[in-house]
Amino acid sequence: MFPITSKINPLVSAEILRVNVVSLIARLAVCVMVIAVFTPPLLALEPIPDKLVVLTFDDSVKSHITVVRPILKKHGFGGTFYITEGFDFKENKESYLTWEEIAFLHRDGFEIGNHTRDHMGCTKKNLSKIKEQLDAINDRCAEYDIPKPTTFAYPGNAFDDGAIPILEEAGIQFARRGGSPEYSYQKDRGKGFGYEPGRDHPLLVPSAGDARPDWTLDDFKRAASMAKEGKIAILQFHGVPEVEHPWVHTPVVRFQEYMQYLKDEGYTVIAMRDLAKYVDPKTQRPDDLWEVISKRKAKLAKEKPTEEE
Ligand SMILES: [Zn+2]
C-alpha cells in the first residue's frame with residue numbers, strides 16, 4: 001500500500017489529461033501522414049470477373065482500321081493491334097496500315113503492341129536478334145507519339161523460353177502465344193486454353209482461340225467460354241478480311257456475329273495491357289512455366305480417344 005501524501009486537484013488533473021490527449025492525437029496524425037507520404041501505394045488488383053476477354057489483332061492489316069475499328073467502337077470494346085513491319089508492309093499500303101493510321105488507332109484508345117520489326121519467330125536461333133527487333137518497333141512508336149508497347153505477341157506463335165528474360169528486360173509485361181504446344185497449329189483449327197494467372201507465365205499467355213476462315217459462331221463461343229472461374233480468354237485475330245494470309249482470314253459477317261455475341265452475353269472486352277488491372281505480372285507467375293502446359297497436354301491425351309469417336 002502507498003500512503004496518500006497529498007490531495008489531487010481534480011481540475012488540474014483534468015487539464016493535464018486534456019493536454020496529453022490532444023498532444024497524443026497530434027502525434028498520431030503526424031505519424032499517419034508520414035506513413036501515407038512515404039509508403040508506396042499498394043496495387044489494388046480487381047478480382048477477375050467471369051466473361052473477361054482480350055481482343056488481339058496481328059500483323060498491321062489495313063482492315064484493322066477500315067473494318068475492325070468501327071465495329072469495336074460501336075460496342076465500346078477495347079483491343080490490341082500487334083504491329084510489325086514484316087511481309088511487304090513497307091510497299092503494300094493497300095493491304096497494310098500506314099504508321100499514321102497506327103498512331104490514329106492509338107489516339108482512338110486502342111493499344112499498340114509489339115510484334116517485331118520483321119515478323120521474326122522467337123526461336124532459339126533468333127534469340128540474339130529479339131532486342132533489335134523490339135527496339136525497331138519501339139523507335140517507330142516514339143516517332144509517332146505512341147507509348148512504348150508493354151505487351152507483345154509472338155510472331156507465327158513460335159517461341160523459345162529463352163525469349164522470356166529478353167522480353168522482360170525490354171519492359172514487356174504480358175506476351176501472347178498461340179494455342180500451341182498444347183494443341184497443334186494445323187490440325188486443331190485454332191483451339192487453345194484460357195489464361196490462368198499464376199499457372200501460366202505472363203510472358204507465355206495462351207490464346208483461347210486463334211480465328212480461322214472456317215470458324216463458325218460455335219468455334220468462337222467455345223473460345224470465349226473459357227473466360228470463367230478466374231481464367232481470361234485471349235482471342236487472336238488477323239485481318240477481317242485477311243487478303244495476304246488467307247489461312248487466318250476472318251470474314252466480316254462472322255466477325256460482326258462474334259462481336260455481337262460478346263455484347264449480347266455481357267462480356268467485358270479489353271486490350272492486353274488492361275490485364276495489369278487484374279493480374280500482377282511480377283508475382284503471379286509459376287516457378288516452372290512448363291508445368292501447366294504439360295498437365296494440359298496430358299489431359300488432352302487422355303480425352304483424345306473419346307473426342308475422335
Ligand atoms: Zn503475326
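Two strands pair if DSSP finds at least two bridges between them. Helices (H or I, at least four residues) and strands (E, at least two) are themselves DSSP runs, numbered from the N terminus. The structure described here is a predicted model, in which local features need pLDDT of at least 70, side-chain atom pairs count only at pLDDT 80 or more, and totals for chains, interfaces and linings use all residues. Residues are numbered from 1 along each chain as its sequence is written.

The protein contains eight helices and eight strands. Of its 309 residues, 38% count as buried, a label given when 20 or more other C-beta atoms, placed from the backbone, lie within 10 Å of a residue's own.

The partners of β1 come next. Five bridges connect β1 with strand β7 (residues 233-237), and the two run parallel; here F57 has F237 as its bridge partner. Strand β8 (residues 268-270) is also parallel to β1 and is joined to it by three bridges, with V53 standing opposite V269. Three bridges likewise link β1 to strand β2 (residues 80-83), again in parallel, and T56 is partnered with T80 of β2. Between β1 and β2 the chain passes through helix α2 (residues 63-75), making a right-handed β-α-β crossover: with the strands pointing away from the viewer, the path from the first strand over the helix to the second runs clockwise.

Notes
A residue is buried if 20 or more other C-beta atoms lie within 10 Å of its own, exposed if 12 or fewer, and partly exposed in between; C-beta atoms are placed from the backbone.
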